[in-house]
Amino acid sequence: MRLALLALAFAVATPVLAATPAPRTPEQRQTLIDLAFVLGQAHALHRVCAGKDDDTWRGRMQRVIEMDGADPAFRSRLSSSFNAGFVSPDAQAKDCAKATAAERRLAARGSALAGRLAAPNP
């Protein structure tokens, strides 16, 4: 199940980021910042079960930054949002089962955010 969630998150985010021309609207930039926060939370939770050396979600965040081609200031905002998500209280589960359930909920939120990025601009 966990692998399926990771695959879904990557599959949803990759085409959205690759297909969207720069520059992004302010709303799209905020959605990316929100997505970075969710990825940071998922990273913290995933490591509860997978171990501290696991960089699955950090790797996904790096891909988002690379594919977006963001300017250095926006890259810094994305990184800060990811780090804030990583240390947020909602990402601090100690039990693997609770962390997995929370990560599943975050995958749904991340998918919704990616869907907003994929929506045509008005």
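**Exercise 1.** State whether the crossing of H2 and H5 is left-handed or right-handed, and then describe how these two helices are set against each other.

*Solution.* The crossing of H2 and H5 is left-handed, a term used when the near helix is turned anticlockwise from the far one by less than a right angle, clockwise being right-handed. The model is predicted, with local features needing pLDDT of at least 70 and side-chain atom pairs pLDDT 80 or more, while totals for chains, interfaces and linings use all residues. Residues are numbered from 1 along each chain as its sequence is written, and side-chain values use heavy atoms, without hydrogens or water.

Next, take the helices themselves (DSSP runs of H or I, at least four residues, numbered from the N terminus). The axes of H2 and H5, which spans residues 96-118, come within 9 Å and cross at roughly 160°, where axes are lines fitted to C-alpha atoms over the stretch in contact and angles run from 0 to 180 degrees between N-to-C directions. H2 is therefore roughly antiparallel to H5, the word for angles over 145 degrees.

Last, list the contact (heavy atoms within 4.5 Å). On the H2 side the residues include Leu32, Leu35, Val38 and Leu45, and they meet H5 residues among them Ala99, Leu106, Leu113 and Leu117. By class, the residues of this contact between H2 and H5 divide into 13 nonpolar, six polar and four charged, with Ala, Val, Leu, Ile, Met, Phe, Trp, Tyr, Cys and Pro counted as nonpolar, Asp, Glu, Lys and Arg as charged, and the others as polar.

**Exercise 2.** Find how far apart the axes of H2 and H3 are, and at what angle these helices pack.

*Solution.* Begin with the axes, which lie 7 Å apart, with H2 and H3 packing at an angle of about 160°. That angle makes H2 roughly antiparallel to H3. Then turn to the residues: the contact includes Leu39, His43 and Arg47 of H2, together with Trp57, Met61 and Val64 of H3. Sorted by class, the contact of H2 with H3 holds seven nonpolar, three polar and three charged residues.

**Exercise 3.** Work out which residues of H3 meet H4, and what the hand of the crossing is.

*Solution.* First, H3 (residues 56-68) packs against H4 at an angle of about 160°, with axes 11 Å apart, and H3 is therefore roughly antiparallel to H4. The crossing of H3 and H4 is right-handed. From H3, Trp57, Arg58, Met61, Ile65, Glu66 and Asp68 meet Phe74, Arg75, Leu78, Ser79 and Phe82 in H4. Finally, the contact of H3 with H4 has six nonpolar residues, one polar and four charged.

How values were computed:
Angles under 35 degrees count as roughly parallel, over 145 as roughly antiparallel, 65 to 115 as roughly perpendicular and the rest as oblique.
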